[in-house]
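Thanks for coming, everyone. Please look at the screen, and I will walk you through one part of this protein.

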Amino acid sequence: MSKVLMIRHLPSSLSLKDKEQLLKHFGAEKVWETRSKRNYLFASFSNVERAKASLTRLHQLEIAQRRLVVEYSYDKEPVTSNKPGIEQNSETTKLIKEFLKTLNAWNPSVDFYQPPPAHLSYKYPDITPEIAVSVVHALFSHKPFYVQTLHLMNKMCLDDPFQENIAAMTFFKDIFKKLFLSEFQQQVTQVPQSETESEISSAEDEHKTQPTQKVIRRKRKLPVPKVRPTSVLSAPTPPKLKKVVISQEEAFETVTPIIEPKKILVNVHQDALQKPSEDPEVVGELGKFQKEEQPVEVEEKQPEPEQPTITKKELLRNRISYSDMKILPVFKNYHPGEPSMRLYIKNLAKSVTDQDVKRIYKRYVEKMTDEELTGFDVRVMQEGRMKGQGFVTFPSVRIAETALNETNGYLLKERPMVVQFARAANKKTIE
């Protein structure tokens with residue numbers, strides 16, 4: 001039981017004052033409407049008994065050819081601001097009003113505080129790389145601006161920026177490549193020749209270990225026993241020995257020279273040095289048997305079955321982050337190089353085959369025709385000085401750039417791949 005009643009099916013032609021006057025005639029003390037239930041009217045009474053009596057009188061009452069439906073409601077009465085003990089015009093309220101008034105002002109200097117018309121809008125220039133760099137600098141310089149940007153992204157239901165986004169990194173490189181490409185080329189030219197590594201000798205440098213420092217042991221001096229003066233006085237002096245000169249002939253026996261015998265030259269014809277020709281096998285003679293010819297087994301190498309193409313989800317999951325690349329010594333002085341249609345891959349495991357690498361890069365040429373696929377080639381060096389390195393050729397430079405950005409740092413058999421653009425062959429390498 002409640003002292004608040006909910007009335008439905010009131011005539012729409014009645015205004016709120018008419019409805020309030022009607023319900024107060026039946027004993028209601030307060031009448032109100034809510035935004036969530038616009039077709040409902042609420043009325044509160046002084047006690048439960050009066051609310052019960054009004055319900056029996058109002059329920060199914062016909063007004064303007066409409067029957068009322070009255071129920072008990074457990075909604076609370078709306079709280080009015082005219083409560084004793086609360087100051088209407090406090091200092092905080094005044095400050096908030098002044099702030100909102102200034103915020104919505106059209107021109108405060110001439111005391112014109114009406115907000116600007118809704119059809120007017122700000123006209124800003126289109127975004128450019130230079131403007132974006134300035135905005136990024138402001139985000140790093142002013143923390144409140146960064147917090148407000150996150151609030152705005154949250155209100156606009158944009159993706160959270162707290163995780164690594166490869167698509168955003170690729171877009172960032174493509175947009176700002178023109179601004180920083182000249183600086184990167186200058187840095188590459190300033191690198192000394194000792195720091196640059198060649199494609200052939202990279203595998204050997206990885207196996208070389210740093211020279212171990214030699215451990216130098218300090219020589220310890222034995223303690224010299226102190227000689228007492230009494231023992232020095234009492235010790236007899238040994239007699240001096242005369243040096244006897246011994247000649248070399250007395251010390252060593254005389255060696256008689258060995259007379260070498262005369263060498264005899266024998267001329268042998270070249271035909272005699274050749275192997276004697278085997279006699280033809282004869283079947284049926286006594287003491288001779290026919291040799292059974294055993295068939296030579298030739299092992300045929302079965303081609304490796306093609307593995308399924310790697311998915312983008314697996315590629316992202318097994319790829320190390322950019323922060324880890326800065327720590328690993330394999331990526332020291334890393335530079336992708338000048339873009340080309342051919343990629344150079346190093347730091348591969350010894351057990352990696354062509355199919356393992358083809359499984360990764362085949363996803364970039366799946367939608368191409370057979371004629372376009374003629375330019376796609378995968379080669380992994382498994383012998384010689386270039387062991388653990390490989391080359392992948394694509395039909396276009398754009399596909400090669402996408403493949404480098406997405407596969408650099410991928411963990412293939414627990415080793416991160418180092419992917420670069422292959423350099424053009426110079427005169428030294430051709431010779």
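Start with S340. Its relative accessibility is 18%, so S340 counts as buried. Buried means under 20% relative accessible area, exposed over 50%, and partly exposed in between, with a 1.4 Å probe and protein chains only.

Before I go on, some ground rules. This is a predicted model: local features need pLDDT of at least 70, side-chain atom pairs count only at pLDDT 80 or more, and totals for chains, interfaces and linings use all residues. Residues are numbered from 1 along each chain as its sequence is written, and side-chain values use heavy atoms, with hydrogens and water left out.

Back to S340. Where does S340 lie? In the loop between α12 (322–327) and β7. Helices (H or I, at least four residues) and strands (E, at least two) are DSSP runs, numbered from the N terminus. The S340 side chain reaches the backbone oxygen of R342 at 3.2 Å. Leaving aside neighbours within four places in sequence, S340 is in contact with V397, A400, F421 and A422. Contact means heavy atoms within 4.5 Å.

F421 takes us to strand β10, residues 418–421. Both faces of β10 are covered. V418 and Q420 are buried on one side, V419 and F421 on the other. In a regular strand the side chains alternate between the two faces of the sheet. Strand β7 (residues 342–346) pairs with β10 in the antiparallel sense, over 4 bridges. Two strands pair if DSSP finds at least two bridges between them. L343 has F421 as its bridge partner in β10.

Now the core. The largest nonpolar core has 27 residues. A nonpolar core is a set of buried Ala, Val, Leu, Ile, Met, Phe, Trp, Tyr and Cys residues joined through side-chain atoms within 4.5 Å. L343, V357, Y361, F394 and M417 have the most contacts inside this core. β7, α13 (354–361), β8 (377–381), α14 (397–407) and β10 each supply at least two of its residues. α14 gives the most, with 4 residues.

Next, α13. Is α13 enclosed or open? 6 of its 8 residues are buried, so α13 is largely enclosed by the rest of the structure. Its buried residues pack against α11 (312–317), β7, β8, β9 (389–393), α14 and β10.

Last, confidence. pLDDT is the predictor's confidence in each residue, from 0 to 100. The protein's mean is 76, and 63% of its residues reach 70 or more. Over residues 230–234, pLDDT stays under 50. Where pLDDT is low, the predicted coordinates should not be read in detail.

Terms used
Polar contact = N/O pair within 3.5 Å; in protein donor to acceptor, adjacent residues only side chain to side chain.
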